[in-house]
Amino acid sequence: MPEPATVVVATIQRLLERRNEGNVELHAGSRLYEDLRLDSLEIAELSAILEEDMGCDPYNEGLAPRTVAEVIAFYDS
């Protein structure tokens, strides 16, 4: 299984690049909504991609992570 942090960061980076915002500072403490400005459609896409790549995702498990670190922590637990 791929390293969770690598998959999560790469997935979010692809979403940002698609919006032509690939130069946004992305780190573990980045807030998904406030800092990265992901909208509900992008969060749904993130959920679907993580489900496909990792076999599960925090959103389908009833969690609502607010930061990149919280998404990564879901897979590290």
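Predicted model: local features only at pLDDT ≥ 70, side-chain atom pairs only at ≥ 80, totals over all residues.
Now the helix itself. α2 runs over residues 40-54, so by count that is 15 residues. From first C-alpha to last, α2 reaches 20 Å. That is close to the 21 Å expected at 1.5 Å a residue.

What comes after α2? Gly55 follows, and its phi is positive, near 90°.

Next, the faces. Which residues of α2 are buried? Glu42, Ile43, Leu46, Ser47, Leu50 and Met54. They cover an arc of only 145° around the axis, and therefore sit on the same side of α2. Turn to the other side of α2, and Leu41 and Glu52 are exposed.

What do the buried residues of α2 pack against? Two helices: α1, residues 4-18, and α3, residues 68-76.

Nonpolar side chains tend to be buried together in soluble globular proteins. Here, the largest nonpolar core has 19 residues. Those with the most contacts inside it are Val8, Ile12, Leu32, Leu36, Leu50 and Val68. α1, α2 and α3 each supply at least two residues of this core.

Take Val8 as a close-up. Leaving out residues up to four places away in sequence, Val8 touches Leu50, Val68, Val71, Ile72 and Tyr75. Leu50 we have met already: it is one of the buried residues of α2.

Key:
Residues numbered from 1 in each chain as written. Heavy atoms only, no water. Helix = DSSP H or I, 4+ residues; strand = E, 2+ residues; numbered from the N terminus. Expected span 1.5 Å × (residues − 1). Buried < 20%, exposed > 50% of the residue type's maximum accessible area, 1.4 Å probe, protein only. Arc of directions from axis to C-beta. Contact = heavy atoms within 4.5 Å. Core = buried A, V, L, I, M, F, W, Y, C linked by side-chain atoms within 4.5 Å.
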